Amino acid sequence: MRAVRFHEHGGPDVLTVDEIQRPEVGADEVLLDVEAAAVNPVDTYFREGGYEPGDLPWIPGSDCAGTVAAVGESVSDYAEGDRVFATGLGNWLQGTCAEYVAVPESHLARLPESVDFDTGAAIALVGVTAWESLVATCSLNPAERALIHGGSGGVGHVAVQLAAANGARVTTTASPTYHDRLRELGADDVLDYSRDDLADAVVAAGRPDVILDHRLDDYLSFDAEVAAQDGRVAAIGNSDAAATFESVPNCRSKSLSVHHVLMFNAPDFGGVLASLATLLEDGDLTAEVAQTYNLAEVADAHRDVLEESFLGKLVVTP
């Protein structure tokens, strides 16, 4: 099969398309014929060496959608020909930018017939991240308000929909280019993240009970300032290793809690994916696919996911 791999850590140019053997499936694994895989910022961290994957050479890619081509001897819930989507790959398990990938049964769920493979791949990792942040960790309740920083991003645009589907009122930030679409996806208040009075605007919309923060080093003190009493912050990203509060007493007076969320630590990939599949089938959730690439263009996708402005996700079709 053809697979994108890196044989050493470095920039996008270390990615090559190699001819390699199809993976053998273990007893509790399925072999997927990959129809689509997504590119996420975390894939670039593994490639650069900031996060350590398994032994090189390594296939990048954390999520995919496709058709079951073979099943291990202990697999009972899936059969050849089933449409599925999966995530939790690309870290200690070889990734998804390939024609085939071996996936533990626990890391996948059935993809509804009404949902195309590109959407399934695009929503898997970001959907689990948004679910673990808003639902599992921060217990977002109906009638609460959520603040989603970066609503046009991969996680952000799914989190907006998930919060709305949960009955919450949603404030999000984004470039004005994406405001109308984010309102269509369920946001009640969409604010330009660059405005000078952003904190006042967030408070005017309603102090958020739950905040999804993708840049904790930039917004941690902001979150503490605007949060409601007993506010919860789900921290999913940062560009600098340090993030500090300007006023710890302010956080203490609000009983503010900060929860660090990493998708790869999710205890039940398959269960969350199955819940996302229900929302997809019911039309309460979708993923925006901004651009598609072939395997030879994965290096371009790795550049674009960090450098370009777009709403939604980038998808690779082998």
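# Close-up views of a predicted model

View 1. Y45 sits in helix α1, which spans residues 41–48. This model is predicted. Which residues make the nonpolar surface patch? Y45, Y51 and L306 do, and the patch has an area of about 280 Å². Y45 has a relative accessible area of 31%, so Y45 is partly exposed. Residues between 20% and 50% fall into that class.

**View 2. The second largest pocket.** This pocket holds about 160 Å³ of space. Its lining is made of 13 residues, and M1, P23, I59, Q94 and A102 are the closest to the centre. Which element gives the largest share of the lining? Strand β6, residues 100–104, gives that share with three residues. By type, the lining has nine nonpolar residues, three polar ones and one charged one.

**View 3. A salt bridge between R303 and D13.** Side chains of opposite charge can pair when their charged atoms come close. In the whole structure, a search finds 14 salt bridges. One of the salt bridges joins the side chains of R303 and D13, with 2.5 Å from N to O. R303 belongs to helix α9 (residues 298–307), and D13 to the loop between β1 (2–6) and β2 (15–19), so this pair ties together parts that are 290 residues apart in sequence. D13 has 65%, so D13 counts as exposed. The cut-off for exposed is over 50%.

**View 4. A salt bridge between R110 and D82.** The closest N and O atoms of R110 and D82 are 3.4 Å apart, and the two residues form a salt bridge. Where do the partners lie? R110 is in strand β7, residues 108–110. D82 is in the loop between β4 (63–71) and β5 (83–87). The pair links distant parts of the chain, 28 residues apart. R110 counts as partly exposed because its relative accessibility is 44%.

**View 5. A salt bridge between R83 and E113.** Here the closest N and O atoms are 3.9 Å apart. R83 has 16% relative accessibility, so R83 counts as buried. Buried means under 20%. E113 has a relative accessible area of 68%, so E113 is exposed.

**View 6. A network of salt bridges.** Which residues are joined into one network? D13, D300 and R303 are, through salt bridges that share partners.

**View 7. V75 beside D28.** V75 is part of the loop between β4 and β5. How far apart are V75 and D28 in sequence and in space? They are 47 residues apart in sequence, and 5.5 Å apart in space, C-alpha to C-alpha. V75 counts as buried because its relative accessibility is 10%.

**View 8. A cis peptide bond.** Which two residues does this cis peptide bond join? The bond joins L56 and P57, with omega at about 5°. P57 lies in the loop between α1 and β4.

View 9. A143 is not a glycine, although its phi is positive, at about 80°. A143 is in the loop between α2 and β8 (145–148). Its relative accessible area is 52%, so A143 is exposed. S255 has a positive phi of about 55°, and S255 is not a glycine either. The loop between α7 (248–254) and β13 (257–260) holds S255. At 42% relative accessibility, S255 is partly exposed.

View 10. A130 is in helix α2. Is A130 buried or exposed? A130 has a relative accessible area of 0%, so A130 is buried. A130 and G154 are 24 residues apart in sequence. In space, they are 9.7 Å apart, C-alpha to C-alpha.

Definitions and conventions:
Residues are numbered from 1 along each chain as its sequence is written. This is a predicted model: local features need pLDDT of at least 70, side-chain atom pairs count only at pLDDT 80 or more; totals for chains, interfaces and linings use all residues. Side-chain values use heavy atoms; hydrogens and water are left out. Patches are made of residues with over 30% relative accessible area and no salt bridge: like charges are joined within 9 Å, nonpolar side chains (Val, Leu, Ile, Met, Phe, Trp, Tyr) within 5 Å. Accessible areas come from the Shrake-Rupley method with a 1.4 Å probe; for residues, only the protein chains shown count as cover. A salt bridge is a side-chain nitrogen of Lys or Arg within 4 Å of a carboxyl oxygen of Asp or Glu. Helices (H or I, at least four residues) and strands (E, at least two) are DSSP runs, numbered from the N terminus. Buried means under 20% relative accessible area, exposed over 50%, partly exposed in between (1.4 Å probe, protein chains only). On a 1 Å grid over the protein atoms alone, a cavity is a set of points where a 1.4 Å probe fits but cannot get out, and a pocket is an open set with protein on both sides within 12 Å along at least five of seven lines; lining residues have an atom within 4 Å of a point. Grid points are joined across faces, edges and corners, and a volume is the space filled by probe spheres set on the points. Ala, Val, Leu, Ile, Met, Phe, Trp, Tyr, Cys and Pro count as nonpolar, Asp, Glu, Lys and Arg as charged, and the others, Gly among them, as polar.
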